[in-house]
Amino acid sequence: MVELLKQDQYQPYSLSHEVMAIYAGTTGHLDDIEVTEVRRFEKAYLKMMDERYPEVGLEIEKNKALTDELTRKMDEAVTAFKKEWRPVEAR
């Protein structure tokens with residue numbers, strides 16, 4: 001979780017990015033990701049969320065609440081992304 005909470009200096013995350021990243025970490029989706037790979041995974045995951053699931057971020061920003069539908073979408077998205085993502089050492 002510590003790696004997940006780190007952000008680049010002068011580049012704070014939006015509310016929706018913080019929520020999506022913390023949700024992935026607190027629900028166990030990142031448990032099998034090496035600590036050294038967490039930040040790289042997080043950046044790629046958030047980029048994918050912006051590109052493929054923009055409605056999730058928009059709804060988080062608008063309603064500032066997680067619904068069952070949003071958490072279902074985030075679970076599906078992170079699970080699908082993990083199947084296509086490759087850590088550096090696996091390349």
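Student: Is Lys-64 buried or exposed?

Tutor: The model is a predicted one. Lys-64 is found in the loop between H4 and H5. Its relative accessible area is 60%, and the cut-off for exposure is over 50%. Lys-64 is therefore classed as exposed.

Student: What is the phi of Lys-64?

Tutor: Most residues other than glycine have a negative phi. Lys-64 is not a glycine, yet its phi is positive. The value is about 50°.

Student: How many helices and strands are there in the protein?

Tutor: From the N terminus on, the elements run α-α-α-α-α. The count is accordingly 5 helices and 0 strands.

Student: Which helix has the highest confidence, and which the lowest?

Tutor: Across the protein the pLDDT averages 88, and 86% of the residues score at least 70. Helix H4, residues 54-63, has the highest mean, at 96. At the other end, with a mean of 61, is helix H1, residues 2-5.

Student: Why is the pair H2 and H5 described as roughly perpendicular?

Tutor: The axes of H2 and H5 are 11 Å apart. Met-20, Tyr-23 and Ala-24 in H2 meet Thr-71, Met-74, Asp-75 and Val-78 in H5. Angles of 65 to 115 degrees count as roughly perpendicular, and H2 and H5 are therefore placed in that class. The angle between them is about 70°.

Student: What is the handedness of the crossing of H2 and H3?

Tutor: The axes of H2 and H3 come within 10 Å and cross at roughly 125°. That makes H2 oblique to H3. His-17, Met-20, Ala-21 and Ala-24 in H2 meet Glu-42, Tyr-45, Leu-46, Met-49 and Asp-50 in H3. The crossing is right-handed.

Student: At what angle do the axes of H3 and H5 cross?

Tutor: Phe-41, Ala-44, Tyr-45, Met-48, Met-49 and Arg-52 in H3 meet Met-74, Ala-77, Val-78, Phe-81, Lys-82 and Glu-84 in H5. The crossing is right-handed. The axes come within 11 Å and cross at roughly 120°.

Student: How far apart in space are Met-48 and Ala-77, C-alpha to C-alpha?

Tutor: Met-48 lies in helix H3 and is buried, with a relative accessible area of 3%. Leaving aside neighbours within four places in sequence, Met-48 is in contact with Tyr-53, Ala-77 and Phe-81. Met-48 and Ala-77 are 29 residues apart in sequence, and the C-alpha to C-alpha distance is 8.7 Å.

Student: Is Thr-71 buried or exposed?

Tutor: Thr-71 has its place in helix H5 and touches Tyr-23 and Leu-66, not counting residues up to four places away in sequence. Its relative accessible area is 17%, and the cut-off for burial is under 20%. Thr-71 is therefore buried.

Student: What is the relative accessible area of Ile-22?

Tutor: Ile-22 lies in helix H2. Ile-22 and Glu-42 are 20 residues apart in sequence and 9.7 Å apart in space, C-alpha to C-alpha. Ile-22 is classed as partly exposed, and its relative accessible area is 33%.

Student: What percentage of the contacts between residues at least 6 apart in sequence join residues at least 24 apart?

Tutor: The protein has 91 residues, of which buried residues make up 34%. Among contacts between residues at least 6 apart in sequence, the percentage joining residues at least 24 apart is 77%.

Technical notes: Residues numbered from 1 in each chain as written. Predicted model: local features only at pLDDT ≥ 70, side-chain atom pairs only at ≥ 80, totals over all residues. Heavy atoms only, no water. pLDDT = per-residue confidence, 0-100. Helix = DSSP H or I, 4+ residues; strand = E, 2+ residues; numbered from the N terminus. Axes fitted to C-alpha atoms, helices over the stretch in contact; angles between N-to-C directions. Left-handed = near helix turned anticlockwise from the far one by under 90°. Contact = heavy atoms within 4.5 Å. Buried < 20%, exposed > 50% of the residue type's maximum accessible area, 1.4 Å probe, protein only. Parallel < 35°, antiparallel > 145°, perpendicular 65-115°, else oblique.
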